Amino acid sequence: MGGGIPQQLLYIDTPGQSRERASQLLQASGDYHLLQTPSLPEGMRLLAEEDFALVLLGAGILEADWRDHVSLVRTLTQWSPVIVLMDTRSETATRPVIEAGADDCLEIAGLTPELLRHSIRGAVLRGNRWRIGRTTRIQTAGSSASRNTPRFPDRAILDAIGDALLVVDEQDRLIHMNTSGETLLQLSRMQALGRPLHALVTLTSDEFGVEVDPLTLSGKRPAVSQLLFLTLPDGSRRPAQCSTWPLSASAHPGQAGRVLQIHDVSEIYKRLQKASYDASHDPLTGVLNRREICRRIGRALSLAREHDLEHSLIYFDLDGFKQVNDLLGHPAGDRLLREITRMLLDTLRGRDSIGRLGGDEFVLLLEYCSIEDAIEVADKIRDLIRGIRLEDHKTPRVSASISVVPVKTTSADVDTVLREADRACYQAKRRGKDCVEVAAC
């Protein structure tokens with residue numbers, strides 16, 4: 001079957017027992033090359049780039065929105081038969097699948113390699129007859145205008161896709177855009193058609209990074225989605241997963257160009273940012289947690305050694321905090337810690353890092369700060385903490401025992417710096433509390 005007749009089968013299904021069983025049957029049922037993909041978006045990209053002898057959809061793909069999925073695959077591959085492999089075949093399940101565009105439905109449980117081979121061969125022969133008839137009609141149509149007329153899947157199907165799809169011609173001018181594209185770019189089709197893609201879409205490698213040409217995201221093969229930032233007409237930036245692939249000559253005869261797919265991941269990105277924030281910050285006060293402040297101290301140590309720099313670390317423990325919890329309750333103690341945090345944020349530089357080690361222990365990393373300047377900051381913090389009162393004015397007297405430790409080229413490691421800070425803080429408490437002790441290191 002040469003002369004432009006495709007030899008590949010495309011199997012789209014999510015991982016699982018049904019897919020493993022179907023894969024074994026497919027590999028044993030014929031001589032066609034089998035290409036498998038675990039997701040419908042990846043399958044869509046493959047269908048847009050290549051022509052396949054047959055498309056098989058697995059049960060995992062059809063668990064949700066299966067009617068739209070079958071219709072979408074059918075419109076993207078008008079000349080390739082579509083067979084659906086179902087876990088359980090019934091009249092109730094089969095009829096809507098056929099109505100949505102599938103050529104056949106097979107039950108995996110009762111399927112044998114021979115039966116599957118017979119079904120595949122029959123479907124492929126029908127598909128080849130359709131292709132031959134289509135090729136003859138294209139060759140005899142004659143008109144160059146008809147050959148160059150853009151043909152795309154039904155607009156209703158494309159508009160049902162949640163991702164923005166932008167199609168450009170050889171000159172990178174927009175020739176089609178679905179409704180999701182209009183919504184994302186805040187432009188109507190009529191406003192966007194014919195305009196260069198770079199005038200519509202600005203993508204950067206990060207939130208404020210280098211601009212990326214959307215049409216260079218991939219070569220001949222469809223691109224793996226990349227996380228980029230889309231600049232909208234109102235100037236706002238939005239994270240998006242972007243990929244691009246060429247229009248296939250077989251699926252779109254007489255046309256050349258590319259498709260840019262933009263998947264808005266703003267909500268996912270927000271959740272990832274929140275998860276990252278939660279992993280590095282103290283939930284009570286909002287300052288850095290122990291792990292993150294230790295990581296930053298380690299980074300400051302590396303910078304000090306590499307560039308002969310001097311940083312400073314302030315470590316303090318509250319005096320009288322237990323009495324606040326005992327007399328006023330733990331909610332009052334929590335309010336006191338948050339008030340101290342607010343005071344620290346108002347006092348320190350924007351580049352300084354504040355961390356809570358646990359309980360009433362805090363660490364302040366003052367980068368590019370001499371030990372003399374750090375002592376002045378420590379004295380100011382001591383005075384401010386001594387003056388803190390909660391709104392009920394019943395707070396027992398609270399003070400801070402503070403230590404100051406240099407972070408320099410001769411400092412050993414993070415654990416050693418914190419041990420020295422803790423030792424000096426203990427000495428401050430022994431001296432009567434409410435004072436500053438400089439570590440001798």
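The protein chain exposes about 21800 Å², and carbon and sulfur atoms supply 51% of that area; accessible areas come from the Shrake-Rupley method with a 1.4 Å probe, and for residues only the protein chains shown count as cover. This is a predicted model, in which local features need pLDDT of at least 70 and side-chain atom pairs count only at pLDDT 80 or more, while totals for chains, interfaces and linings use all residues. Residues are numbered from 1 along each chain as its sequence is written, and side-chain values use heavy atoms, with hydrogens and water left out.

Of the 441 residues in the protein chain, 49% are buried. Buried means under 20% relative accessible area, exposed means over 50%, and partly exposed lies in between (1.4 Å probe, protein chains only).

Let me turn to the charged side chains. Side chains of opposite charge can pair when their charged atoms come close. A salt bridge is a side-chain nitrogen of Lys or Arg within 4 Å of a carboxyl oxygen of Asp or Glu, and by this rule there are 23.

What does Lys-429 form with Asp-317? The two form a salt bridge, with the closest N and O atoms 3.2 Å apart. Lys-429 lies in helix 16 (residues 414-430) and Asp-317 in strand 13, so the pair ties together parts that are 112 residues apart in sequence. Helices (H or I, at least four residues) and strands (E, at least two) are DSSP runs, numbered from the N terminus. Lys-429 is partly exposed at 25% relative accessibility, whereas Asp-317 is buried at 14%.

Asp-326 and Lys-322 also meet in a salt bridge, at 2.8 Å from N to O. Both lie in helix 13 (residues 321-328), four residues apart, about one turn of the helix.
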